[in-house]
Amino acid sequence: MNTKVMKGIDDEIEFKGFKGRYFYQLAGSVLGLLTLVFLLYTTGINSFILLFVAVGAGAFALTYIKGNMEKNGKYGHIHKQHAPPQHVIINKPFHKLIAKSY
């Protein structure tokens, strides 16, 4: 049986340079910003103030997420803090590790 190989099917999402988890953070910040502007608009705040709040919050979110992406890399901050293990330690006798099959 022949199957067609789909190259790139397991690649992460990328949009305008934002990859993987940072893309989802950017999308969440855009939705949060839209919600904030909608709530402030319904309270009757001046449109120019809304414009400055939206531009300021959007610029902050964009630079914050872009800075984290460049600093932490593809897999995020948790992998920067922890080193890979040097040894595997198992505190059981070897004969207890072997599964008995009857």
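## A helix pair in a predicted model

Take the contacts in the chain between residues at least 6 apart in sequence: 58% of them join residues at least 24 apart. The model behind this value is predicted.

**The chain as a whole**

The secondary structure comes to four helices and two strands. What order do the elements follow from the N terminus on? They run β-β-α-α-α-α. The chain has 102 residues, and buried residues make up 12% of them. The chain exposes about 9400 Å². Carbon and sulfur atoms supply 65% of that area.

**Helix H1 against helix H2**

Helix H1 covers residues 21–42, and helix H2 covers residues 47–72. Their axes come within 10 Å. The two axes cross at roughly 165°. Angles over 145 degrees count as roughly antiparallel, so H1 is roughly antiparallel to H2. The crossing of the two helices is right-handed.

Which residues of H1 meet H2? From H1 come Tyr22, Gln25, Leu26, Ser29, Leu33, Leu36, Val37, Leu40 and Tyr41. On the H2 side they meet Leu50, Val53, Ala54, Ala57, Gly58, Ala61, Leu62, Ile65, Asn68, Met69 and Asn72. By class, this contact has 15 nonpolar residues and five polar ones. It has no charged residues.

Find Asn68 in helix H2. Is Asn68 buried or exposed? Its relative accessibility is 17%, so Asn68 counts as buried. The cut-off for buried is under 20%. Leave out residues up to four places away in sequence, and Asn68 touches Tyr22 and Gly73. Tyr22 belongs to the H1 side of the helix contact, and Asn68 to the H2 side.

Now turn to Leu34, which is found in helix H1. Its relative accessible area is 55%, so Leu34 is exposed. Exposed means over 50%. Glu70 lies in helix H2. With a relative accessible area of 61%, Glu70 is exposed.

**Apart in sequence, and in space**

Distances run from C-alpha to C-alpha.

| Pair | Apart in sequence | Apart in space |
|---|---|---|
| Leu34 and Gly58 | 24 residues | 9.9 Å |
| Glu70 and Phe18 | 52 residues | 9.9 Å |

Notes: Residues are numbered from 1 along each chain as its sequence is written. This is a predicted model: local features need pLDDT of at least 70, side-chain atom pairs count only at pLDDT 80 or more; totals for chains, interfaces and linings use all residues. Side-chain values use heavy atoms; hydrogens and water are left out. Axes are lines fitted to C-alpha atoms, for helices over the stretch in contact, and angles run from 0 to 180 degrees between N-to-C directions. Angles under 35 degrees count as roughly parallel, over 145 as roughly antiparallel, 65 to 115 as roughly perpendicular and the rest as oblique. A crossing is left-handed if the near helix is turned anticlockwise from the far one by less than a right angle, and right-handed if clockwise. Contact means heavy atoms within 4.5 Å. Ala, Val, Leu, Ile, Met, Phe, Trp, Tyr, Cys and Pro count as nonpolar, Asp, Glu, Lys and Arg as charged, and the others, Gly among them, as polar. Buried means under 20% relative accessible area, exposed over 50%, partly exposed in between (1.4 Å probe, protein chains only). Accessible areas come from the Shrake-Rupley method with a 1.4 Å probe; for residues, only the protein chains shown count as cover.
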